[in-house]
Amino acid sequence: MRNALESIKPGDWLVLLSGAIFTAWLAATLWHGGSADKAIIRSGGKIFREVPLSRDTLIEVPGPLGLSQIAIHNKQARIAADPSPRQYCVRQGWLKQAGEIAICLPNQVSVELSGSNKRYDSLSY
Amino acid sequence: MTASVIKLATTAEDHHIARMAALALGLTVLEAAVPSPLPGVKPGLANIVTLIVLARYGWRTAAWVSLLRVLAGSLLMGSFLSPGFFLSLSGAVCSLAILAVSQHLPARWFGAVTHSVAAAYAHIAGQMIVVYLWLIPHAGIAYLFPIFATAALVFGTVNGLIAARFMDNTQIHSLPLDGGGLGRG
């Protein structure tokens with residue numbers, strides 16, 4: 001590998017650079033979730049409320065097991081408290097980007113962030 | 001009753017193409033033993049042979065070697081006419097299409113690395129088209145593009161470097177200079 005770099009000609013560098021830029025651009029456009037501006041709260045599969053993320057608030061949502069608390073703070077949302085035994089949705093923490101979702105399955109409560117352009121929420125084939 | 005013998009007339013060029021394709025096949029089989037983190041992400045070492053053939057003998061020979069490698073490789077791997085075969089084929093066809101254009105770039109400025117990287121990107125583009133049109137017709141595969149593009153950039157560069165080094169060394173070797181040869185590098 002003494003002079004491996006000597007095998008790269010000036011035009012090759014140009015191609016490598018454009019390749020890197022193209023790849024970075026792909027990642028930036030395709031992996032960017034988009035900013036979220038509202039939270040959709042569902043209970044038992046039906047939309048319970050849609051709240052804007054601009055206002056900090058704490059919402060109590062009733063489910064079969066009891067009340068789930070959803071906190072909205074600083075343009076982010078999380079499930080602050082839930083009666084589910086394993087607390088997966090609470091431990092998921094703050095949701096920031098559009099398309100992120102936290103689901104408390106036993107209590108049938110979910111909160112999903114959505115942006116101006118709706119992205120697919122599940123993939124199947 | 002006399003035994004009938006069918007003899008195909010073969011030229012020296014046919015033999016040469018067969019030798020090169022066999023070399024590429026060896027690399028394909030070797031590579032199949034290397035585990036891949038994601039289906040479809042492979043170094044594509046056989047393309048080193050295609051690149052060298054392209055530089056030495058032109059596009060037509062390179063196309064023969066590349067397509068023979070895809071066909072015979074699928075027979076060896078037992079994947080002939082499977083989705084994997086069509087993915088390889090579409091990748092190879094797109095790569096060859098790009099190489100048909102990129103080989104006309106001035107050789108003073110653009111070397112094997114350029115051809116290799118361009119062909120690698122064409123390869124994943126061709127595969128993604130087949131994946132989208134036939135196997136997974138869902139926009140969700142777009143999430144994988146950056147991964148495949150990164151792999152194309154990395155492996156394209158590495159393969160191009162290997163091909164370029166090989167050609168540099170064999171050039172030195174053919175001149176009465178210090179012995180470079182194939183074993184070095």
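How many residue pairs are in polar contact between chain A and chain B? In this predicted model, the count is seven residue pairs, with both partners at pLDDT 80 or more.

Together the two chains bury about 2300 Å², and 68% of that is on carbon and sulfur atoms. The size of an interface is often given as the accessible area lost when the parts come together.

The largest pocket holds about 1200 Å³ of space. It has 49 lining residues, and the closest to its centre are B:Gly40, B:Lys42, B:Ser88, B:His123 and B:Gln127. Helices H1, H2, H3, H4, H5 and H6 of chain B each give two or more residues to this lining. H5(B) gives the most, with nine residues.

The second largest pocket has about 400 Å³ of space. Of its 19 lining residues, the closest to the centre are A:Lys9, B:Ala55, B:Gly111, B:Ala112 and B:Met167. The elements that give two or more residues here are H2, H5 and H6 of chain B.

Here is how the two linings divide by class:

| Pocket | Nonpolar | Polar | Charged |
|---|---|---|---|
| Largest pocket | 28 residues | 18 residues | three residues |

Notes
Residues are numbered from 1 along each chain as its sequence is written. Chains are lettered from A and ligands numbered from 1 in the order in which they are written. This is a predicted model: local features need pLDDT of at least 70, side-chain atom pairs count only at pLDDT 80 or more; totals for chains, interfaces and linings use all residues. Side-chain values use heavy atoms; hydrogens and water are left out. Buried area is the accessible area (1.4 Å probe) that two parts lose on being put together, summed over both. A polar contact is a pair of N or O atoms within 3.5 Å; within protein, one must be able to donate a hydrogen and the other to accept it, and residues adjacent in sequence count only if both atoms are side-chain atoms. On a 1 Å grid over the protein atoms alone, a cavity is a set of points where a 1.4 Å probe fits but cannot get out, and a pocket is an open set with protein on both sides within 12 Å along at least five of seven lines; lining residues have an atom within 4 Å of a point. Grid points are joined across faces, edges and corners, and a volume is the space filled by probe spheres set on the points. Helices (H or I, at least four residues) and strands (E, at least two) are DSSP runs, numbered from the N terminus. Ala, Val, Leu, Ile, Met, Phe, Trp, Tyr, Cys and Pro count as nonpolar, Asp, Glu, Lys and Arg as charged, and the others, Gly among them, as polar.
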